Structure formats: structure tokens, C-alpha cells
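Here is a briefing on one protein model. Look over the sequence and the structure first, then read the points below.

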Amino acid sequence: MSEDYTVRAKLISLVIKYYRGSLEFTADDVPPMSWAIQEQFLSMTVYNSKLLQYPVNKNFNRLFFKKLIAFLKTEEIHDDFYTFLCSVMSDPKDAFSFVHYVVDNDITKTIIIRQTNSMVVNGTTGLKTWEAALMLADWALCNPQVFKRKNIWELGSGVGFTGIAIAKFCEPSALCLTDHHRTVLDIICRNIEINLPNMDKETNELVTIYKTNNATIKTLLLDWEYIDDDVTDLTPDVIIGADIVYDPSILQPLCNVFQTYFKKNSQLEIYIESVIRNPDTFKMFVQLLEHSGYKCESLPQPLPVHIHWDRFNERCLLKITK
Ligand SMILES: C[S@@+](CC[C@H](N)C(=O)[O-])C[C@H]1O[C@@H](n2cnc3c(N)ncnc32)[C@H](O)[C@@H]1O
């Protein structure tokens, strides 16, 4: 492998870490950075037009550039590294910022998500992208035929990463992203508009609808605890959910939601991706599904393919059918 190729590969990998908001790099991951390579790094990151429009978290910027500069001991450090670092020192506490998730290690193929870094904000866990959302989106990109020309519903969409990835790359005919939290739904709408611009928009109290010639994307206020048969006249072919099995008190309501939609479509397929933090809660969920007469199949997902996720998490992707 030529030296130029290795430098380029390390540079791209560092840029992707920056996009993803990851500080997981060591001195070995940083290529020798001549003045020209530093300029390339800056133009791909902080001076990139998308990053200027949708900037990443200031606190992350501060930590990333400090760490990077510390690894550049032997090189002359570009003035713009310091200028940029000073600019992000002034106001480190922005609650919302943008993460640029890179697909297929191609920095021209990103999903840009406005979100917080915090696990719980305004009483909801839905204002950040959870690891299970990345895993489920990756699986969807590996299996687009499951979603192509289908009517897809997502439960507990949070900031909308998985649904938006499916809308962008899997050609569903209709997609409905749901959540029970009003602020979460507002952020989903913003993220749809960033990633799927130029769609016609109609909105009322419960639903926002985006339309193109080929597809419809909806956001809908839907609470699993107050589901009734009339929530929609449309019947989903596929229901998905990422990181929604974490609280024992919502397991029965979730099963009730499944039951409502199985009644409308006995061929319905449900895919639920979980990071297993509490094995007992997860076991209860599977038992409840089996007692309700549903088939549960755990699908293999050994490694990340199109989207980076942490393969060391204990996880399960369940396919639920009748
Ligand atoms: C841990 S977050 C996961 C968000 C997103 N799926 C992800 O993986 O990034 C759980 C989501 O479920 C939603 N949620 C919790 N209880 C709910 C309920 N009873 N009805 C509908 N959504 C609910 C929360 O608002 C939140 O968006």
C-alpha cells in the first residue's frame, strides 16, 4: 500500500469520525498532517458547506480539535485550527446541534440529524439518536426489499434517523414516523426537511404530511398507551421500532399496538431493534409476545455494513409475525 493511500485513508477515516461526533481516535489514527493535508481536513470538515449550514456540537468541536492538535506535535499547526478552536470556546453549551451520519464511508452520502447529546431532555429520551436506530437503519439498507414500495410505520421514532434512512435509501411508498412527544415530532419534521428537501408539506394538529410524486412521509402523534383501532385508515405492511423496549410499563401497551395492526393486516411484519441493557425487561417482552401467539425470530446482524454502530453492544433484532 502506498504512503499516499494510507495518509488519504486515515484522513477520510478521521473526517468520518468528526462527522459522526466521535472522539474515539488515537495518535495512530491521525495521518502525518502537512500544511496541505491540514487544509484538506479543514475544507472537508469545518469549512464544508453542509457543516457550515448544519454545525456539529461546539463542545465536541472543542474536544476534537484539542485532541487532534495534541497529536500534531511534529507538524506546524495551521493557523485556522487555532482560529476555529477559539471560535468554539466562546459558547460551549448549545443544547441542539447536528450530527452528520456517513453512509458507506462516503462523505457525500450523509444523513444530517438535529439532536441533543443528552439522554433525557424535557422528560423524553427521544431527542437523540440511539445506537439501535443506527443498527436498524443499517439492517434496512442491507435488506431494502423488505421496505421497497411498502407502507412502513415507525413507533417511537425519536429524532427520526431510522425512518429517514429508509425514506432515503429503501424506496418505501409510504412512511409514517410516530412518537408521543410533541417536541420530538417537531424535531422529526425539521430532520425530514433537512434530508428530504423539496417535498410538499401539509400540516394539522396531529399529522404533518410530506409528498413527492413517488412517496408520502407522515409524522403522527401516537401514544402506545392510547391506541385505538381508528387511529388511521391506512394499514402498515411493516412496523419498525428502535430502542423502544426499555421500560416494563410500556411492554403491554406496545403489544396492544401490535395487536391493533395485526387485526388490520395478518401479514404484517414487525422489526424491533434493541440494545439489551436489562435482560429481564427484554425477556418479559419476548414472553409477552409469545403468550399473545406471535412468532419471534432473532435476526443475525454480526457487523456494521453501511452505517457505523458499536458492535460490542449486547443487542437483538426481533422479527415478529403472526
Ligand atoms: C430511547 S428513545 C428511541 C428513539 C429512536 N427510536 C432511536 O432509537 O433513536 C424511545 C422513544 O420512544 C418514545 N416513546 C416512549 N414512550 C412512548 C409511548 N407511550 N408512545 C409513543 N412513543 C413513546 C419516546 O418519545 C422516544 O422517542
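**Pockets, domains and selected residues**

The largest pocket has a volume of about 880 Å³. Of its 32 lining residues, Arg20, Gly21, Lys128, Thr129 and Glu131 are the closest to its centre. This is a predicted model, in which local features need pLDDT of at least 70, side-chain atom pairs count only at pLDDT 80 or more, and totals for chains, interfaces and linings use all residues. Residues are numbered from 1 along each chain as its sequence is written, and side-chain values use heavy atoms, with hydrogens and water left out.

- The protein is divided into domain 1 (3-94) and domain 2 (118-321), with bounds from an automatic or database domain assignment.
- The C-alpha centres of domain 1 and domain 2 lie 34 Å apart.
- The largest pocket lies between the two domains, because both give residues to its lining.
- Helix H4, strand E1 (97-103) and helix H6 (131-142) each supply at least two residues of that lining.
- Helices (H or I, at least four residues) and strands (E, at least two) are DSSP runs, numbered from the N terminus.
- By class, the lining of the largest pocket has 14 nonpolar, 10 polar and eight charged residues.
- Here Ala, Val, Leu, Ile, Met, Phe, Trp, Tyr, Cys and Pro count as nonpolar, Asp, Glu, Lys and Arg as charged, and the others, Gly among them, as polar.
- A pocket is an open set of points on a 1 Å grid over the protein atoms alone, where a 1.4 Å probe fits, with protein on both sides within 12 Å along at least five of seven lines; lining residues have an atom within 4 Å of a point.
- Grid points are joined across faces, edges and corners, and a volume is the space filled by probe spheres set on the points.

**Second largest pocket**

- The second largest pocket holds about 530 Å³ of space.
- It is lined by 29 residues, and Thr125, Gly126, Gly156, Asp243 and Tyr246 lie nearest its centre.
- Its lining has 10 nonpolar, 11 polar and eight charged residues.

**Helix H5**

- Phe81, Phe84, Leu85 and Val88 are buried in helix H5 (residues 79-89).
- They sit on the same side of H5, because they cover an arc of only 100° around the axis, taken from the directions from the helix axis to the C-beta atoms.
- Buried means under 20% relative accessible area, exposed over 50%, and partly exposed in between (1.4 Å probe, protein chains only).
- Helix H1 (3-20), helix H2 (35-44) and helix H4 (58-71) are among the elements that cover the buried residues of H5.

- Isoleucine 217 lies in strand E7 (residues 216-221) and counts as buried, at 4% relative accessibility.
- Its contacts (heavy atoms within 4.5 Å) include Ala167, Leu175, Ile192 and Met199, not counting residues up to four places away in sequence.
- Isoleucine 240 lies in strand E8 (residues 238-242) and counts as buried, at 0% relative accessibility.

**Positive phi in loops**

- Asparagine 105 is found in the loop between E1 and strand E2 (106-115).
- Its phi is near 55°, a positive value in a residue other than glycine.
- Asparagine 105 is exposed, with a relative accessible area of 59%.
- Glutamate 171 is found in the loop between helix H7 (161-169) and strand E4 (174-179).
- Glutamate 171 has a positive phi of about 55°, although it is not a glycine.
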